[in-house]
Amino acid sequence: MIQSYLKIALRNLTKHKGYSFINIFGLAVGIACTMLICLYIAHELSYDRWNPNAERIVRPYFDMNFGGNVAAMAVSGPTLGPDALQELPEVQSYCRFRDYGSYLVKRDGDGQQNFREEHVLTVDSTFFELFPIKVLEGDARSCLAQPNSIAISKGKAEQYFGSAPLAMGQTLMLENRDRWKISAVFDEIPARSHFHADFLLSMNGNEEIKESSALWAVSNNFQTYLLLRPGVGFEDFREKFKALSVAKLRETASQLLGMTLEDFEATGQYVLYDIQALTDIHLHSGLMAELEANGNIQYIWIFGAIALFILLIACINFMNLTTARSAHRAKEIGVRKVLGGQRSSLAGQFLSESVLMAALAVLLALGIVVLALPGFSELASRQLELPWQSGLFWLALLSGIGLVGLLAGSYPAFFLSAFDSIQVLKGRLGVQAKHGGLRNGLVVFQFTTAVVLIIATLIVFQQLNYIRNKKIGFQKDQVIILNDANALGENVEAFKQELLKQPAVQSATISSYLPIPSSRSNTSFTRTREFRDDNSVNMQAWRADYDYLSTLGMELVKGRFFDRAFPSDSTAIVLNETAAKKFGFDDPIGKKVYTMAGHFQGKPAPEDFVELTIIGVVKDFNWASLRENIGALSLQLDKSGGLISFRYQADESENVIAALERNWKQMAPSQPFSYQFLDDSFAKMYVAEQRVGQIAGIFALLAILVSCLGLFGLASFMAEQRTKEIGVRKILGATSGNLVALLSRDFLKLVLLSILIAMPIGWWTMNQWLGDFAYRINIHWWVFAIAGVAAVAIAFLTVSFQSIKAALANPVKSLRSE
């Protein structure tokens, strides 16, 4: 029986090659889109699951509302790990990470070339206990126990020394001053990890830990990971950890603020600690001070919904295209029934054809995925690959063939097998075929999905365009940033002055921080020489030279900026408007603010504070992402920062880069030359949104393509059903235009209904997405108008092909066939 089904199915496919190609191709496109998105989702969900301890590792995080600053950060103090190990028996071990940024690294010895290394972490000796990456050389348990010991990755061992064995015992020099002895070589950290490191520095002997306060919530600079004992439940441990954190915060409030924790919280402020599972970090974190940029579970849901809808659209197409061909097989069905064919056997025949088409579609989809995967991987910025060796992958493909075949073929199978044989042989198929409510509903669903995707794509690109063109308080164009300026040593100012001699360079500034990602420095300031909850403002503390404002094009609204004519500016401070408001000064110019000097163990004494005089207020500028409101920020004078920014004339970037490199090689010959453009660095904050917009746009186009195939099928079906009517109307004088309008009208009604349904769905969905931005566009009516007009135009072009074909047909032939 099955052999007979397959033989008839192949005969029908080869008999109608064009129809078969359209049907299989549409299904293949839908399956290929679904497979690509599923590969991306599987990749995102697998982060950190390579670690056999993944289910037992948690990371504490810090959440606060203090001094006008609201922040949730993935960091904690240096004593949290030791305290948790000592006071919570559920904790087996802990490991702290400290990210001090990039380092200049070179082999120890004269004349060695420095390399700028980005992935450097300072960690506890327990690192390989919590994160059991294979150690190729050295002892995993003791390699980081000694001060100034370092473990390096296999790739870096080969880069610096030729091989892993040759690297053992060698010495690396960091920042041209500190020598570190290589004690281990480890395998590369898996790509699907929320952190990566090529160099692991021993935490033993760390000066920051020695000088830090033992109080919680005072010095939150460390990523801390706790390894729980086997069998410890997450929620049970979470309650015990939160109880410990409350006890520790009571000590902090008492010693630092001189008040109880309850009195502090009564002011509307709060400080709290919580934990998150290791496997939740990549998609569910959303915290500041992450080691690397994470994913977003919101986008996983969005892409998952897109994959589901595109697959449903493809299956709907199959249904509509199959029913559109039903008239050509009606007599076959009638004859089969008259000769004793059962409805079940007819349904089995059509389901077999559906499964065969699904199998061919899956094979074609695999080919499409293989061709599209490199481009999609680049677009998604992920290393995606097909798991050819996974048995689960092949099982999923086989299950998918059966599922898609049944899903796509169920309606045609039961619809066609239900034809009344007597009525069919009499040529009265239309009575049953007129009940097209389900088919129309399916087309409405298809175009609703497509229109929502069009609306989403338009709004994403509109928001990104708004971000690119919004006045953000500084001029980010035509500014080039020289990295690692501290490698110049005492020649920093000389380098700046040398470049200012270039005609293309208009101005330059030396600074430690810029309004770009990963350029942050948070500090507490007070109105008096006393640290209290009601006189503190937590804000960014940036350092810059005299030319910072002029080079970056910022606007001063009160007072003045740093000036060489005022030696006292070494103790001066410039605030942004937000910081001035938070201090509550009516006129901030000349007022004093205070910041704590160095580290302290308890409540700071008056002599622990440094007095600063406010000399100016700069207009608010967006120093962080437009997802966030502008926070408080201060600037202090410093002429020895690690960044030099140059504003240059338009179209002179190549000459400026050449001058930078030439002078760099003269003043820092053994140091790596590195630069970036300010506008490019600013744009990196929105890479995820740009990626989402591009992916959504591509899949919106594919959804429309597949939807149009379904509409083409329905147009074909309706044209077949109205062949006699069209012939009669032509004989009675109807023009081709009249007939095209008649046949297109019903389809355009369906598309218009889809647009009406899609508009509120699209508005609500994108309004939720825009809610993540503090600065966002308003959703305008013309977005829906463009989406609607595009949908109607595409639908009309699709339908008109069949409508014109039917309208131009010879009426004599159609009436004779009737």
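## Close-up views of a predicted model

**View 1. Ser-153 and the residues it touches.** Leaving aside residues up to four places away in sequence, Ser-153 touches Val-185, Phe-186, Glu-188 and Asp-198. The model shown here, and in every view below, is predicted. Ser-153 belongs to strand E8, which covers residues 149-153. Is Ser-153 buried or exposed? Ser-153 is buried, because its relative accessible area is 1%, and buried means under 20%.

**View 2. The whole protein, for orientation.** The protein has 818 residues, and 52% of them are buried. Its secondary structure comprises 27 helices and 24 strands. How do contacts link the sequence? Take the contacts between residues at least 6 apart in sequence: 80% of these join residues at least 24 apart. The protein exposes about 36,300 Å². Carbon and sulfur atoms supply 56% of that area.

**View 3. Ala-84 in helix H3.** Ala-84 sits in helix H3, residues 80-87. Its relative accessibility is 0%, so Ala-84 counts as buried. Which residues does Ala-84 touch, not counting those up to four places away in sequence? They are Val-91, Leu-226 and Leu-244. Look at Leu-244 in particular. Ala-84 and Leu-244 are 160 residues apart along the chain, and their C-alpha atoms are separated by 8.0 Å.

**View 4. Helix H3 against helix H8.** H3 packs with helix H8, residues 234-257, at an angle of about 120°. The two axes are 11 Å apart. That angle makes H3 oblique to H8. The crossing of H3 past H8 is right-handed. On the H3 side, the contact is made by Leu-80, Asp-83, Ala-84 and Glu-87. On the H8 side, Phe-241, Leu-244 and Lys-248 take part. Sorted by class, the contact of H3 with H8 has four nonpolar and three charged residues, and no polar ones.

**View 5. Gly-304 in helix H11.** Gly-304 is part of helix H11, residues 297-324. Gly-304 is partly exposed, with a relative accessible area of 25%. Setting aside residues up to four places away in sequence, Gly-304 touches Ile-37 and Ile-41. The C-alpha atoms of Gly-304 and Thr-34 are separated by 8.5 Å. Along the chain, Gly-304 and Thr-34 are 270 residues apart.

**View 6. Two aspartates with positive phi.** What is the phi of Asp-48? It is positive, at about 70°, although Asp-48 is not a glycine. Asp-48 lies in the loop between helix H2 (17-45) and strand E1 (57-66). With 2% relative accessibility, Asp-48 counts as buried. Now turn to Asp-651. Its phi is also positive, at about 65°, and Asp-651 is not a glycine. Asp-651 lies in the loop between strand E23 (643-648) and H21. Asp-651 is exposed, with a relative accessible area of 78%.

**View 7. Helix H18 against helix H21.** Helix H18 covers residues 492-499, and helix H21 covers residues 653-667. Their axes come within 11 Å and cross at roughly 145°. H18 and H21 make a right-handed crossing. From H18, Ala-494, Phe-495, Glu-498 and Leu-499 make the contact. From H21 come Ala-659, Leu-660, Asn-663, Trp-664 and Met-667. How many residues of each class are in the contact of H18 with H21? Seven are nonpolar, one is polar and one is charged.

**View 8. Helix H24 against helix H25.** Helix H24 spans residues 723-731, and helix H25 spans residues 736-770. The axes of H24 and H25 come within 10 Å and cross at roughly 150°. H24 and H25 are therefore roughly antiparallel to each other. H24 passes H25 in a right-handed crossing. Glu-725, Ile-726, Arg-729 and Lys-730 are the H24 residues in the contact. They meet Leu-739, Leu-742 and Leu-743 in H25. The contact of H24 with H25 has four nonpolar residues, three charged ones and no polar ones.

Conventions:
Residues are numbered from 1 along each chain as its sequence is written. This is a predicted model: local features need pLDDT of at least 70, side-chain atom pairs count only at pLDDT 80 or more; totals for chains, interfaces and linings use all residues. Side-chain values use heavy atoms; hydrogens and water are left out. Helices (H or I, at least four residues) and strands (E, at least two) are DSSP runs, numbered from the N terminus. Buried means under 20% relative accessible area, exposed over 50%, partly exposed in between (1.4 Å probe, protein chains only). Contact means heavy atoms within 4.5 Å. Accessible areas come from the Shrake-Rupley method with a 1.4 Å probe; for residues, only the protein chains shown count as cover. Axes are lines fitted to C-alpha atoms, for helices over the stretch in contact, and angles run from 0 to 180 degrees between N-to-C directions. Angles under 35 degrees count as roughly parallel, over 145 as roughly antiparallel, 65 to 115 as roughly perpendicular and the rest as oblique. A crossing is left-handed if the near helix is turned anticlockwise from the far one by less than a right angle, and right-handed if clockwise. Ala, Val, Leu, Ile, Met, Phe, Trp, Tyr, Cys and Pro count as nonpolar, Asp, Glu, Lys and Arg as charged, and the others, Gly among them, as polar.
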